[in-house]
Amino acid sequence: MTGKVLVVDDDASVQRLLQQTLQHEGYEVQLASDGPDALRQWQQEPPALILLDTTVAGLDGYEVATRIRAEEGPGRHVPIIMLTTDRDVQGKVRALRAGADDYLIKPFHPAELSARMKSLIARFGSSNSLVGRPPMGRIHAYYGAKGGVGTTTIAINAAIALKELGRRVVLVDGNLQFGDHRVFLDLGLDRKSIVDLVSAPSMDADLVKSIVQPHDSGVELLLAPPSPEAADLVTPAHLHQILELLAGLYDYVIVDIDKRLEDRNLMVLDVAETIFAVMTADLSCLKNVRLLLETIGHLGYEQNKLKLVLNRSNAFTGISTKSAEGALRRPIEFQVVNEYRGAISALNTGSPFMLSKADSVLGRSVADFARAVDKGAAQGAGLLAPAASRS
Ligand SMILES: Nc1ncnc2c1ncn2[C@@H]1O[C@H](COP(=O)(O)OP(=O)(O)OP(=O)(O)O)[C@@H](O)[C@H]1O
Ligand SMILES: [Mg+2]
């Protein structure tokens, strides 16, 4: 059983259709035909999620959502998807203002409903169950020593693996001009981004929560702007503030950045607790890692703030791990195996291998990496690692 869903709709044929679809997906379904009945059922026992039609009698959907949000205790949050026939922006805004987490315009495809429900349940189910424990607030920068070495691949899949360990994870696309998390995760340009955050008159945790985007994995996303020119709106000071706010909400704030040592990236490196420098065993990468090591020294950071991650570790490059370590005069802490097909097909389908092929060689390699990362971070926070797996 996947959980109980309260369906609030006064149209019997819609009720029947939703009931069949949801039961087929393994949900237990409860029905309410009007607003007061919906509130009563929620008060008796909050479901895992509410599907709420906007036009039900008694109290309409907007009023029901508003009441629930006003009456919910601290740390509780029942996910609400508003069902509406209203296509214009005002209707959507009204639903979100009333406290809905998402909305669907009728008629919708069952697959879309199912995907949105899963992502909301993963998002709020785990945060509700973790209420009481403060977030670990670890900021981890994933820095690509060179373009195309696999930084985004590792950042995204490590984020999912950490989520699977029961952690609350937000993934930030710090490649502000040409970020490609929307491509890797099959998300449209209409999704909110960091630009919506920095354009607001002031930033706080509630605003951040309304801008991060849920992913089916349960990882939340702060996306890069939809177009490169908007990246200029984000300043280093913004990034500092955003990362601090995220650290107050999540166990891990994973920031994917590229090799440029310019102001914004330097701010991310500065605020990060750990920098994972992703590299491959080739000469230009080794040269860049050496420059990064020097920069770290100039900036006065502890050398152990930086960890090296050798990606595609078993690919033939003519330079072995040992000789790379010799050239850098330091150890390489982590390795991720080479599996081009697995990596590229995940990219092309928009479904990360850690979700669709966690059991592949590549999936297991990144999962091992994430477990080692979590072990170090959790011990530092005085927590047991790893946390309970998500069911
Ligand atoms: N472990 C791996 N084995 C095989 N191929 C990989 C691996 N990791 C990444 N790749 C492939 O390398 C390519 C580049 O990956 P990715 O976009 O993650 O790198 P990046 O460093 O973030 O690049 P960019 O500089 O564009 O941001 C992709 O085609 C990806 O599928
Ligand atoms: Mg990248």
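**The nonpolar core**

Reply: The largest nonpolar core comprises 76 residues, and Ala158, Ile254 and Ala277 have the most contacts inside it. The model is a predicted one, in which local features need pLDDT of at least 70 and side-chain atom pairs count only at pLDDT 80 or more, while totals for chains, interfaces and linings use all residues. Residues are numbered from 1 along each chain as its sequence is written, and chains are lettered from A and ligands numbered from 1 in the order in which they are written.

A nonpolar core here is a set of buried Ala, Val, Leu, Ile, Met, Phe, Trp, Tyr and Cys residues joined through C-beta atoms within 7 Å. A residue is buried if 20 or more other C-beta atoms lie within 10 Å of its own, exposed if 12 or fewer, and partly exposed in between, with C-beta atoms placed from the backbone.

Helix α6, residues 151–164, gives the most to this core, with eight residues. Helices (H or I, at least four residues) and strands (E, at least two) are DSSP runs, numbered from the N terminus. Apart from neighbours within four places in sequence, Ala158 is in contact with Ile254, Val366, Phe369, Ala370 and Val373; contact requires C-beta atoms, placed from the backbone, within 7 Å. A second, separate core has 32 residues, among them Leu51, Val56, Tyr62 and Met117. In soluble globular proteins, nonpolar side chains tend to be buried together.

Attention now turns to the ligand. Around ligand 1 there are 20 residues, of which Gly147, Gly150, Thr152, Thr153 and Ala343 come nearest; a residue is near if its C-beta atom, placed from the backbone, lies within 6 Å of the molecule. The elements giving two or more residues to this shell are α6 and α14 (340–349), and α14 gives the most, with four residues. The shell divides into seven nonpolar, 10 polar and three charged residues. In this division, Ala, Val, Leu, Ile, Met, Phe, Trp, Tyr, Cys and Pro count as nonpolar, Asp, Glu, Lys and Arg as charged, and the others, Gly among them, as polar.

The backbone features remain. Lys106 and Pro107 are joined by a cis peptide bond, with omega about -5°, and Pro107 lies in the loop between β5 (102–105) and α5 (110–129). Arg312, in the loop between β12 (306–311) and α13 (321–328), has a positive phi near 55° although it is not glycine. Arg312 counts as buried because it has 22 C-beta neighbours inside 10 Å. Arg329, in the loop between α13 and β13 (334–336), also has a positive phi, of about 55°. Arg329 counts as exposed because it has 8 C-beta neighbours inside 10 Å.

Methods
Two residues are in contact if their C-beta atoms, placed from the backbone, lie within 7 Å.
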